[in-house]
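Welcome! Let us take a guided walk through a protein and look at how some of its side chains meet.

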Amino acid sequence: MDVVPQKTFLEHQHLVEKLNDYNHRYYVLDDPSVPDSVYDRQMLQLQALEQDYPALLTEESPSQRVGGAPLASFVQIKHKVPMLSLDNAFVDADLADFDRRLKDRLNASEAIIYACEPKLDGAAVSLLYRDGTLIYGATRGDGSVGEDITANVRTIKSIPLKLRGQNIPALLEVRGEIYLPTVGFDALNASAIASGGKTFVNPRNAAAGSLRQLDSKITASRPLEMCAYSVGQYEGIDTPLTHHGMLNSLATWGFKINQHMEVVTGITACVDYYNRLALRRSQLPYDIDGIVFKVNQLSLQKRLGFVAKAPRWAIARKFPAQEEMTEVLDIEFQVGRTGAITPVARLRPVFVGGVTVSNATLHNGDEIARLDVRVGDSVIIRRAGDVIPQVAKVVIDRRPADTEPVMFPERCPICQSSVLRLADEAVARCTGGLFCGAQIKEAIKHFASRKAMDIDGLGDKLVELMVDESVIFSVADLYDLTVERLVGLERLAEKSAANLVAAIHESKKTTLAKFLYALGVREVGEATAQTLANNFGHIDIIGRASVDQLLEIDDIGPVVAKHITDFFRNPDNLSIIDALQTAGVNWPAIDLDDQSFKPLKGKVWVLTGGMQVMSRAEAKDVLQALGAKVASSVSTKTSQVVAGPGAGSKLTKAQSLGIPVMSEAQLIEFLMDPK
Ligand code: 5U1
């Protein structure tokens, strides 16, 4: 074997340290320190050195996070200290009882100090370190004996292969949760659907399934994370005084600990913590199923001890379940504004994720086929966060004998026109256009909606009634409505009719972006409408723009460009636009050469987390066009933060500095009328 030159050895050591540091900043602190390109370049350098000098390669090298040869089976590991489970509290009174029991047992009259933190919904793991080096990782198993998943845990970048920092214990058994953040879970299921594979019901199953892979390369491909929440055994360090202190030590050794951990005094403060976190549950970038409260003082934990497999000193206050089973009563096909036909499952109402759910979208024909969902089936409904409820799984074992596969309709259920599905689209559409009553209704509802023409008092039911009664046939007819014509309609009193006519009149004063959005051109959402208005300034110029001219604009791709040109080449659409302008719909002219409209001049904005409607580049462009500086980090100079799903340390920092934070929806609303 080649002897490693001293210079190469030092270079290797330096690269290992740097890459471990980058990983720690990225995966543990959520605060990347270098761009991916720098990380990738240094990783390639490390791999090249290890290839030239295999003696440099150790199991702890950051190059070894990619998984190794598949195992034949998992070996069993006996935990040094049993892995406990937690007692559950389902109502506040259970917490009060818990607190009372502890005080009685401790003979204490003063308030108990508790450490509170979210209970992540993943798979429990135990990691053993000797002299700072990871020796093994094991599943919980039955609490006494788990399975050796060392090869898999090595691929998880938030798990240190070597402990960092000072005062490294001779022996350390760390307990925590391996979980899949929501973004990773959604991406995993999306790619399973795209490749015709099986989807996971929830992030917990996905995390547990990923850890149970005999091929660690599969585990390495899953974006798993680990959050440490306690210590089993330790040797060679001073005995910590508190749970909180112990977790802080874990953080200094390189583990991720929960950002929301708090130490509070008394059980009322625990209830308050639970209520605060319940409000934030849907915005967290991972699933949590409850809050864990632990007596903070470790000496008190010792005095309290255990009953069976659960400690007396901890309890989990559960949140409402995010999954429930219910029955499919019917499957209906709804026709949308653009003719898209969406299957919807009508469900026996079920309380899930904090709301009662009685409908769930089935998206399209492929989804029906993938799930093989039928009327009469029992299904698992999942509603996590603010996300619309999904049919996660059909419980085939409970399927009644007489169910029939669901056939996607060949004719529109509303107007009987034929249904067309283009080869490259998942969506099937009614070809009836504005002959289809459903499409007319949806187009008018969209036109009147708040972010479009904002016609107060023109609700969905009223639109449906007016179309069914042939009072209106298009959006242009709205501006001919009179109080006399409306008063005859069911349940519409004279006062409401007069208010509605006034609101319709009021809506005539709008902006070009809102008008464009209100027209309901396919794929033209609020952000694209704003981009079109900013770039072209005039409806006639947009109407005459060619696909090539549209493609010159950032964020307008070929599909949207084609929809826009198709829309403005259609004489029916042009006559509606004409009628609306003749009726008096108007907006302030936009002078594209006028550089003085810079309402955000001198302001510093930061975009963090995911964006669903606009792309980040598009948001940045529009903000810069309005005069803002768009920065990548939050500081005292930041004027405004826009935070989306998955926002982490930047959001926390903004909140701690008292900087205003808005959602993407609020940003779009602001951009429609920036002042
Ligand atoms: N956050 C947190 N989750 N969790 C799960 N803490 C915590 N503690 C646990 C479990 C099973 O057990 C303790 C008894 C160590």
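The paragraphs below look at aromatic rings and then at charged side chains.

Keep in mind as you explore that this is a predicted model. Let us begin with the rings: a search of the whole structure turns up 12 aromatic pairs. Take Y273 and F293, whose ring centres are 6.4 Å apart; their planes meet at 80°, so this pair is edge-to-face. Where do Y273 and F293 lie? Y273 belongs to helix α9 (residues 267-280) and F293 to strand β10 (residues 288-295), so the pair ties together parts that are 20 residues apart in sequence. Is Y273 buried or exposed? Its relative accessibility is 0%, so Y273 counts as buried. F293 is buried too, with a relative accessible area of 0%.

Now find a second pair, F447 and Y479. These rings are also edge-to-face, with 6.4 Å from centre to centre and 85° between the planes. F447 sits in helix α12 (residues 437-448), while Y479 is in the loop between α13 (460-468) and α14 (483-487), so you are looking at a link between distant parts of the chain, 32 residues apart. Both F447 and Y479 are buried.

Rings can have charged neighbours as well. Look for Y274: R317 lies over the face of this ring, at 4.0 Å from the ring centre.

Next come the salt bridges, of which the whole structure holds 33. One of them joins the side chains of R164 and D21, with 2.7 Å from N to O. R164 is in the loop between α4 (150-153) and β7 (171-179), D21 is in helix α1 (residues 6-28), and the two are 143 residues apart. At 24% relative accessibility R164 counts as partly exposed, and D21 is partly exposed at 36%.

Another salt bridge connects R346 with E332, and here the closest N and O atoms are 2.7 Å apart. E332 is partly exposed, at 32% relative accessibility.

What about a bridge between helices? The side chains of D468 and K441 meet in a salt bridge of 2.9 Å, N to O. D468 lies in helix α13 and K441 in helix α12, so the pair ties together parts that are 27 residues apart in sequence. D468 counts as exposed at 53% relative accessibility, whereas K441 counts as buried at 17%.

Methods:
Residues numbered from 1 in each chain as written. Predicted model: local features only at pLDDT ≥ 70, side-chain atom pairs only at ≥ 80, totals over all residues. Heavy atoms only, no water. Phe/Tyr/Trp six-rings, centres within 6.5 Å; stacked < 30°, edge-to-face > 60°. Helix = DSSP H or I, 4+ residues; strand = E, 2+ residues; numbered from the N terminus. Buried < 20%, exposed > 50% of the residue type's maximum accessible area, 1.4 Å probe, protein only. Lys NZ or Arg CZ within 6 Å of the ring centre and 35° of its normal. Salt bridge = Lys/Arg side-chain N within 4 Å of Asp/Glu carboxyl O.
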